[in-house]
Amino acid sequence: MKAQEVQRRGLRGVWCALRGTAALCLVVAPAATLSVAGCHCTGSIGPDGMDGGGPPPPPCNNGTDLDGDGYGPGCEAGDDCNDADATVHPGATEYCNDVDDDCDGDTDEGLVDCCSGAQNCIELGGDPFPGPWDSPPPDNVEADGVGLDPNGDIILNGSSTAYEYLWIANENDFARGTVSKIDTVNMAEVARYYSTTCDSNPSTPGVCDDINGLPIQMSDNRPSRTTVDFDGDAWVANRAFGGQASLTKFLNDPIYCTDRNGNGVIDTSNDANGNGVIDTGDPVEFPGDADECVSFTVNFGGINDVGRSLALAAGGLDAAVGDPWACTHTRAANECFHFDGTTGVQLGSVTLPAGINPYGLAVDSTGVAWAVDFPNDPGAVTYFDTATLAVGTIIPTDAALVAAAPACPGGQANYGLGIDGNDDIWFGGWSCESAFRYSPDRSGGFATLAGGTWTRVTLTGRGYGRGIAADTRGFVWMAHSSSPGAISRIPISVPSGLVDGSTYPVYILTGAGTIGAGVDFAENIWGINHDSNVATRLLVDATGTVLNPTPAAGVDDVAVGLNPYSYSDFTGFGLRNFTNPQGTYEVVLSGCTGGPTTWTSVTWSSTEPPGTTVTLRVQTGDDPLTIDGQPSAGPYATSPADLLAAPPTPPSPNPADFIQVIFTLTTSIDGVTPVLHDFQVGYACPIG
């Protein structure tokens with residue numbers, strides 16, 4: 001980033017005002033580039049200025065005052081020319097901002113140019129900010145899952161710049177278990193990690209324990225389900241038959257990893273020679289237990305509880321991360337445990353109805369988690385609310401559909417599950433080579449979910465159904481554990497009841513025993529082939545047509561570790577698009593020269609339809625390259641955010657040379673997006 005260069009969005013000018021012994025400099029300029037350095041200013045700040053000083057607004061007892069400034073239709077103080085902006089009303093101070101602040105019909109009257117009288121306060125020209133989604137981003141800007149609408153405002157668009165990886169659990173690799181990280185663009189294994197780490201607890205160096213000081217299992221962890229959070233970081237659940245189930249978190253970007261051995265570099269698995277395969281005999285490519293991007297391991301449940309199910313729901317303080325839920329499988333009454341997505345600390349749990357042995361878990365857009373039973377109660381599913389912890393009933397399958405020809409031998413047994421864009425739940429039918437769909441009754445919220453309808457899509461002759469995943473084009477894709485392996489494509493629009501799927505396409509893969517089906521962020525489809533140690537990619541166009549219907553070995557697949565076993569949301573596509581659709585816009589701003597910068601406020605304007613939110617977090621620091629590692633302040637849900645007040649905890653350090661502003665846009669309604677129109681950052685510089 002160029003020194004003192006500030007990128008901004010949708011703002012209207014620069015003003016500087018004297019406040020005590022410091023000059024408050026607020027960037028409020030149009031989409032261009034400003035350099036604000038050592039901003040010494042003339043003039044004074046008004047009684048209702050953005051620094052929060054001045055008298056309280058007059059009361060409005062008999063009128064309508066939408067912005068709280070005391071002015072509006074019928075108010076005793078008089079009408080308002082802009083009832084959506086508390087800084088604009090009759091008698092307000094006129095600022096150099098191309099706005100009629102005092103509602104007298106004139107703009108910027110009686111003011112000199114913003115930058116006259118201010119040293120090094122230079123407004124530079126420039127085109128509207130193009131955004132990193134259609135051009136290379138500036139060094140100080142990141143955007144993920146957002147884009148620009150025709151007005152140049154920021155909206156959700158589902159794109160991603162950080163999700164080009166699959167995270168695949170290899171259950172028998174090294175007789176311990178590993179996780180392969182696959183680059184879906186370049187078709188290469190770019191990292192491999194053990195599925196547990198001994199370096200979880202910094203207070204016990206040299207002891208192989210989890211974050212709570214409990215012993216870590218060093219063999220036969222048998223990892224299976226993986227899932228990916230909003231930061232691109234991954235989690236794996238270790239089943240550990242006969243031992244201790246656990247979760248492990250892996251950090252996607254080495255910039256966030258910890259230099260545990262103090263050698264000045266991050267030692268982590270990487271494809272050093274660029275051949276697309278991790279050489280596990282090379283300690284540079286595979287550091288094993290010394291890998292500093294295996295963040296931590298946390299145990300859960302008891303001995304032989306078997307940790308099978310894993311899913312992410314919206315996070316608590318840091319919703320941009322997402323919190324994992326992991327369930328036991330072999331108890332009479334199984335538990336699903338809630339963990340903090342940043343620290344791994346267990347936050348609570350829910351107990352499922354007796355008889356449910358959860359094999360898979362997925363969370364819908366309302367925050368309800370769905371757990372499928374396998375194999376003890378064929379076809380049954382249950383659910384719980386990840387926010388309120390309310391637990392629902394057991395929903396049996398539709399017996400008539402199971403008995404219909406071709407009948408399911410031994411009854412229905414569902415395996416993997418996934419959520420589609422309609423918030424319906426899909427299951428891979430194990431025993432009867434069918435896909436099943438449950439459409440909850442959402443008319444009464446949580447109370448009526450069990451009153452939904454079932455669908456069965458028959459796909460006989462293709463192999464048992466295993467993992468299943470939905471795309472945004474209107475299809476679900478189900479894996480068949482046949483030899484060779486296969487994936488079927490099914491329209492999500494099929495009617496309820498019994499559906500003949502014999503005409504739906506099936507694609508034969510390069511490997512055998514396909515357990516998982518997943519969608520990457522280019523919406524290509526991946527099959528995870530347990531019996532031949534490869535992951536196969538189907539290239540799919542915007543209509544859902546497979547462009548390589550007969551994939552070729554060595555061309556359309558990537559080799560991984562021994563017995564890959566992932567069939568959950570191993571790309572993060574489901575979390576991003578169906579569970580909790582969201583995107584982030586981040587920008588790093590520099591402050592004063594010749595002295596420390598005190599960051600005072602962030603103000604923004606947004607449009608948030610029902611079911612959507614725009615929230616803010618900030619980080620401060622003296623190095624723009626490491627500011628991501630600083631604690632974040634927020635989330636702030638309403639503008640303006642006062643960075644000097646608590647709660648929430650103010651950003652630290654402050655003063656600091658740089659601030660990172662992070663806006664998170666979320667929606668719970670398909671096709672509806674919030675809009676971030678503009679924002680402005682306030683800060684104080686020393687005089688002299």
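The model is predicted: local features need pLDDT of at least 70, side-chain atom pairs count only at pLDDT 80 or more, and totals for chains, interfaces and linings use all residues. Residues are numbered from 1 along each chain as its sequence is written, and side-chain values use heavy atoms, with hydrogens and water left out.

View 1. Strands (E, at least two residues) and helices (H or I, at least four) are DSSP runs, numbered from the N terminus. D305 is buried, with a relative accessible area of 9%, whereas R331 is partly exposed at 24%. Buried means under 20% relative accessible area, exposed over 50%, and partly exposed in between (1.4 Å probe, protein chains only). By the salt-bridge rule, the count comes to 11.

**View 2. Salt bridge between R222 and E171.** The closest N and O atoms of R222 and E171 are 2.7 Å apart. Because R222 lies in the loop between β11 and β12 and E171 in the loop between β9 and β10, the pair ties together parts that are 51 residues apart in sequence. E171 is buried, with a relative accessible area of 4%, while R222 is partly exposed at 22%. Phi of R222 is near 50 degrees, a positive value in a residue other than glycine. Most residues other than glycine have a negative phi.

**View 3. Surroundings of R239.** R239 is found in the loop between β13 (234-238) and β14 (244-250) and counts as buried, at 2% relative accessibility. A polar contact of 2.5 Å joins the side chains of R239 and E171. A polar contact is a pair of N or O atoms within 3.5 Å; within protein, one must be able to donate a hydrogen and the other to accept it, and residues adjacent in sequence count only if both atoms are side-chain atoms. Not counting residues up to four places away in sequence, R239 touches several residues, including N221, R222, P223 and Y565; contact means heavy atoms within 4.5 Å.

**View 4. Salt bridge between R192 and E189.** The side chains of R192 and E189 meet at 2.8 Å, N to O. R192 is buried, with a relative accessible area of 8%, and E189 is buried as well, at 0%.

**View 5. Positive phi at F174.** F174 has a positive phi of about 60 degrees although it is not a glycine. This residue is found in the loop between β9 (165-170) and β10 (178-183). At 41% relative accessibility, F174 counts as partly exposed.

View 6. A cis peptide bond joins S652 and P653, with omega about 5 degrees. Another cis peptide bond joins N654 and P655, with omega about 15 degrees. P653 is placed in the loop between β40 (641-642) and β41 (658-667), and P655 is found in the loop between β40 and β41. Most peptide bonds are trans.

Terms used: Salt bridge = Lys/Arg side-chain N within 4 Å of Asp/Glu carboxyl O.
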